[in-house]
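Me: Please take a close look at one chain with me, one piece after another. Here is what I have open.

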Amino acid sequence: MRLVIPLAITFVTGMIMVLHFFVPHQPIKLLGDNLQDWFMIVTAASIFLGALNLMHVHFRKIKLKLKNWKYSPVTLTGFMVMFIAGLIYGVTEAKPFDFMFMNMVAPMGSTMFSLLAFFVASAAFRAFRASNWRATLLLTSAFIVMLGQVPIGAMIWDKIPLAKVWLMTFPNTAGQRAVMIGAAMGVVSTSLRMIFGIERSYLGGTD
Amino acid sequence: MKNLSAFLIILLLISAGAALADNADPPESVVTEAVEELEVRRAIDLEASDTPEDEGGSVSLTWLMETEGVTPDSLGVMRSDPFGGEEHITTLPVGTVMYRDQSANNGTEYNYWVVSYLGGTIEACSDRAVAISSAQWIYRGRIGMLIILFLIMAVIIYYIEIGKRGKELFIREIAGLTAVDDAVGRATEMGKPVLFIPGIMDMDNIQTIASIVILGRVARKTAEYGSPLLVPTCRSVVMSVAQEIVKEGYLQAGRSDAYNKENIQYLTDDQFGYAAGVDGIMVREKPAAIFLLGCFYAESLILAETGRSVGAIQIAGTAMPSQIPFFVAACDYTLIGEELFAASAYLSREPKLLGSLKGQDAGKLFFLILIIVGVIAASIGDFWSPMKSVAEFLRNLVTVN
């Protein structure tokens, strides 16, 4: 029973969602829509689980003075201040919650995002080494695309932007679509394995 | 001479006065005619049809508005049924040119017309249009995909049966998956933890599901080797599922005592907040092995480069085409697209699962043939029309509407 009930639930819900994609008729549509709503409700409700876990983990760290426990009060303070501000004043515009979000959370997010520029540079520096013919091909393509993206490329030779467009439109799109087709086949295969109970490792065993 | 001049001046003044009187106050009959000519604009070319691809109970209406005339205050959609009942369905703002009546009964013939309101009264109405609502059993634009799905399912089930019979199935080596044991072993030797990042999407994403399945196997391996396993998550549901999966892995390895629930923790739903949190864990804990498996967006390189900077062996895998180059550049091993979904079967070596992998490959071969035939048909179709219809058929077959 420990395996049969989850497998039955997976099969029924999986089949409903597959049919929901192809059949607009009732009761499939109603069932499919309801299942999607249920997922939204479960996800929304589970945010409390996440918040509780966050509090539990950090309170425990402080209590037991575990490694790096000094960061935990910062996390908890940030969490509690935002939570209480939202609870008392609401989350609408021009309220303390919105002010903190726009002036603290959003800039910190942007800061993290801006790090990407430096990481791209360091990763490109390592990746674009002409160590073999494939790496050389990558290096040449990248060089053309980068030059084609900036005005100096066209100043050097007016065909460079055209070469960049060709590289992005044909070899790049073909490669991306190949990955997508392969991934789509993987999605179908994984879904079938799950729906038909062939893949059971997520239930804790193959018996 | 003086008399003549005075006469002319008087004549001019009289003419000017008459002309001014003409301009200032036109005859009453002319005003009436002008107002009668400006009629209220009405809806024209009204078309009513059953809403396609739905569960019924819906009729779609489209119309245009006359360009000349007085603009109405609002529009009203009216309908009558075969029993003579007339009803006003809705009032719409001027400028609306379509409406979907969701209150129709299937099989009932309705007459629809659009009226123009001005000052609260109906000043004009459109011609009538007739429609009957009905339910459809299948999305017509998805029939081709349904056929392809059945074919792929049949092939996968066929290969699963072959696998069950015990026939040896060749699966090419996937370096990233072969390295899983090495990565966990390295972490054990170095006495450092293993970090598993299941992407930033929720459990409704198939990549997260594939990632969680791999997490189960990694958890069993870390339990056997005795390495701590850290799983920071971006979604609460993923955290709950990951806790269960890891616990199960430890149970299967007979090391339930080593399971630490606090190691699978929720950080935040925020994309870059999560990236910052995971980067912090990497820098503080210095894991020896990092698994980045699942759905990633712009944070992929931030995570992978930080992982690289702490000297961890990194195995990444995603089906996001735009993030794969970042992982290839920054990680030791990368599972590209389908390899992420093949991981569970590859690691378990179960015949049934390997059979499904073989079926997946057969499906890819099918699409490869379809693409080649399509390219040839489309190329030749420019000169030979029968091939053009072949190309069109193939395009319709794989297009999902």
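Into which domains is chain B divided?

Reply: Chain B is divided into domain 1 (43-132), domain 2 (140-161 + 353-398) and domain 3 (169-349), with bounds from an automatic or database domain assignment. Keep in mind that this is a predicted model, where local features need pLDDT of at least 70, side-chain atom pairs count only at pLDDT 80 or more, and totals for chains, interfaces and linings use all residues. Residues are numbered from 1 along each chain as its sequence is written, and chains are lettered from A in the order in which they are written. Between domain 1 and domain 3 of chain B, the C-alpha centres are 57 Å apart.

Start with the open sheet of chain B: three strands in the order β1-β2-β5, paired antiparallel. Strands here are DSSP runs of E, at least two residues, and helices are runs of H or I, at least four, numbered from the N terminus; two strands pair if DSSP finds at least two bridges between them. The edges belong to β1 (43-50) and β5 (98-101) of chain B, each with a single partner strand, so one side of each has no neighbour in the sheet. β1(B) and β2(B) (residues 59-65) are joined by six bridges, and D50(B) has V59(B) as its bridge partner in β2(B).

Now to the helices. In α7 of chain B (residues 271-285) you'll find Q271(B). Leaving aside residues up to four places away in sequence, Q271(B) touches I200(B), Y297(B) and E299(B), a contact being two C-beta atoms, placed from the backbone, within 7 Å.

Helix α10 of chain B (residues 338-348) is largely enclosed by the rest of the structure, because ten of its eleven residues are buried. Among them are E338(B), F341(B) and Y346(B). Just after α10(B) comes R349(B), with a positive phi of about 60°.

Last, the contact with the other chain: 66 residues come from chain B and 52 residues from chain A. On the chain B side, helix α11 (residues 351-381) gives the largest share, eight residues. By class, that side of chain B has 36 nonpolar, 14 polar and 16 charged residues. Ala, Val, Leu, Ile, Met, Phe, Trp, Tyr, Cys and Pro count as nonpolar, Asp, Glu, Lys and Arg as charged, and the others, Gly among them, as polar.

How values were computed: Buried ≥ 20, exposed ≤ 12 C-beta atoms within 10 Å, placed from the backbone.
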